[in-house]
Structures are given as C-alpha cells and as structure tokens.
Amino acid sequence: MLARLRSDIQCILDRDPAARSTWEVVTCYPGLHAIWLHRPAHWCWTHGLKWPGRFISHCARWLTGIEIHPGAKIGERVFFDHAMGVVVGETAEIGDGCTIYQGVTLGGTSLYKGAKRHPTLGRDVVVSAGAKVLGGFEVGDGAKIGSNAVVIKPVPAGATAVGIPARIVPSKAGQSADVTEASAPRSAPRTFSAYGVTQEDDPLSQAMRGLIDNASSQERQIALLWAAIEKLSHAAPQARDCVPCDAARNEQFEAEKLNALVGK
C-alpha cells in the first residue's frame, strides 16, 4: 500500500512542473485527495456497502470538487490535474498512467441499469480540459483528447480526438500524434502532451486548406490559359476577338488570407 501511495505522489512530481515537493503534493493537490478517498469508497461499493461508498464519494466531491462514482475503476499513477468539475461515471474505467484535466466528463448516453454506460480509457491517455467522453466505448492506449472535444465514438490507440463532435487524427507509423518534436530521434524520450496539444492540425482545417490550395492552383492555371490565348490572338489578327472582355487574366484568389483565417 505504501508503494502505491509513493507511486501516486511520484506521478504528480513527474508530470506537473509546478509541483515542488512531496509535502506540497500531499497537502495541496485535490486530485490526489480524490484518488485516495475513492479507494475506500470503491472498496465499500464492491463489498456490498453501497450507501457508505456513496457517502464517502459525496464527501470527496465536497472536499475536492471532483465527483467520482464509487463504482468507477481507476488504475495506478492516474493524475487528476487541477480537475475541478471532473465527473467520472459508475461504469467508467481509467487505465494506468492517465492524466485528466479540469472540467472533464466521463459520462454515459444510456439509461439502462447494469449496462456499460461510461467509457474505458486505456493506459497513458490524456483527456484535456473541458472534454466530454460519452458512451460505453474504449479510448485506446496513448490516445489524446483535445480541450473541449466531445467524443462519442471509440478512439484508436495513439490517435488524437479534436472538435465537436470529435474527429480523429490518426497516429503515424505507430507513434502518437503528440508534441514530440518531429526532428527528435526515436530513441529520445517522448514529451508529455499536456492538454492533449498536438503538432497535427484539426482534420477539418487540413481539408479546408487543401480546398483553398486547389482553388488557388486552378485560378492560376486559368489565368495562364487566358494569357496564352491572348498571346496567340495577337499573332493571328483574325482571332483578336476570341478573348472575352471579362476573362480573368489576373489571379485574384487570396489563398494566404483564407489560410490565415482557417488557422496555422
């Protein structure tokens, strides 16, 4: 038990640069207190003591601002960072090494008692501030969920989910789409992805930029065609009237401005 308590403290020291000492973590981190209070609540719940389990979890919610149903299963080295307003449902499962930020809901979309209504998070999942993960599906190992995303379908291992409803940015070559520098060698330790920040853009933004680039390219090709036709018309006097007065001889498509509006 002492080894597990040390592991709880060490995972915070490893992942939070604001944590300066063990004493500070033990006394000033409500996420740690919520984890420690959940364990007796979960023990009561699984041993038929439903009301004591709910009462302990209710007291933990009042003390920490984090609501974890006593039926939820939480693995080792789980870090609730800041975590005010976090809600974890009855059938939710949180794997080892997960990080959950403030305002997160691991909720359900079903009202059937006894059914698997809440999500299962794999190992080392990051759920960013304000994200809502709703349903009895799985979020794969190493996946990341961006801030304020609303996830209503499974997330593959190593992928990143962003947007409302969440869209999936798949991992590349088995690597998670995290903030690890692209130029870093594979042997280098991977950077922790705070708040699920990624170097990959929202896939919708990628699609928009692709359409903008395509439209810009087409306009350039049309302008070049009209320029060629105009040049040929000067060489052939009988064809001088073949270029309409409203022909788009110059490019006017503002691709850079539209890309700036879409984002980086």
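How many disulfides does a search of the whole structure find? The search finds 0 disulfides, where a disulfide is taken as a pair of cysteine sulfur atoms within 2.5 Å. A disulfide is a covalent bond between the sulfur atoms of two cysteines.

The structure is a predicted model, in which local features need pLDDT of at least 70 and side-chain atom pairs count only at pLDDT 80 or more, while totals for chains, interfaces and linings use all residues. Residues are numbered from 1 along each chain as its sequence is written, and side-chain values use heavy atoms, with hydrogens and water left out.

The protein has 6 helices and 15 strands, these elements being DSSP runs numbered from the N terminus, with helices of type H or I and at least four residues and strands of type E and at least two. Of the 264 residues in the protein, 40% are buried. The protein exposes about 15,100 Å², and carbon and sulfur atoms supply 59% of this area, as computed by the Shrake-Rupley method with a 1.4 Å probe, where for residues only the protein chains shown count as cover. Among contacts between residues at least 6 apart in sequence, 37% join residues at least 24 apart, a contact meaning heavy atoms within 4.5 Å.

Helix α3 (residues 30-46) and helix α4 (residues 50-64) pack at an angle of about 170°, with their axes 7 Å apart. The axes are lines fitted to C-alpha atoms, for helices over the stretch in contact, and angles run from 0 to 180 degrees between N-to-C directions. The two helices, α3 and α4, are therefore roughly antiparallel to each other, on a scale in which angles under 35 degrees count as roughly parallel, over 145 as roughly antiparallel, 65 to 115 as roughly perpendicular and the rest as oblique. On the α3 side the contact is made by Pro-30, His-33, Ala-34, Leu-37, Pro-40, Ala-41, Cys-44 and Trp-45, and on the α4 side by Lys-50, Pro-52, Gly-53, Arg-54, Ile-56, Ser-57, Ala-60, Leu-63 and Thr-64. By class, this contact of α3 with α4 has 11 nonpolar, 4 polar and 2 charged residues, with Ala, Val, Leu, Ile, Met, Phe, Trp, Tyr, Cys and Pro counted as nonpolar, Asp, Glu, Lys and Arg as charged, and the others, Gly among them, as polar.

Ala-60, which is found in helix α4, counts as buried because its relative accessibility is 6%; leaving aside neighbours within four places in sequence, Ala-60 is in contact with Leu-37, Gly-65 and Ile-66. His-58, also placed in helix α4, counts as partly exposed at 48% relative accessibility, and the C-alpha atoms of His-58 and Ala-41, 17 residues apart along the chain, are separated by 9.5 Å. In helix α3, Ile-35 is buried, with a relative accessible area of 5%. Not counting residues up to four places away in sequence, Ile-35 touches Asp-8, Ile-74, Val-78 and Phe-80.

Several loop residues were also examined. Asn-148, in the loop between β12 (144-145) and β13 (150-151), is partly exposed, with a relative accessible area of 48%. Beyond neighbours within four places in sequence, Asn-148 is in contact with Ala-129, Gly-130, Ala-131 and Ile-164. Ile-164 is in turn joined to Pro-165 by a cis peptide bond, with omega about -15°, and Pro-165 lies in the loop between β14 (160-162) and β15 (167-169).

A positive phi is found in two further loop residues. Ala-83, in the loop between β3 (79-80) and β4 (87-88), has a positive phi of about 70° although it is not a glycine, and Ala-83 is buried, with a relative accessible area of 0%. Asp-124, in the loop between β8 (120-121) and β9 (126-127), has a positive phi near 60°, likewise in a residue other than glycine, but Asp-124 is partly exposed, with a relative accessible area of 42%.

Conventions:
Buried < 20%, exposed > 50% of the residue type's maximum accessible area, 1.4 Å probe, protein only.
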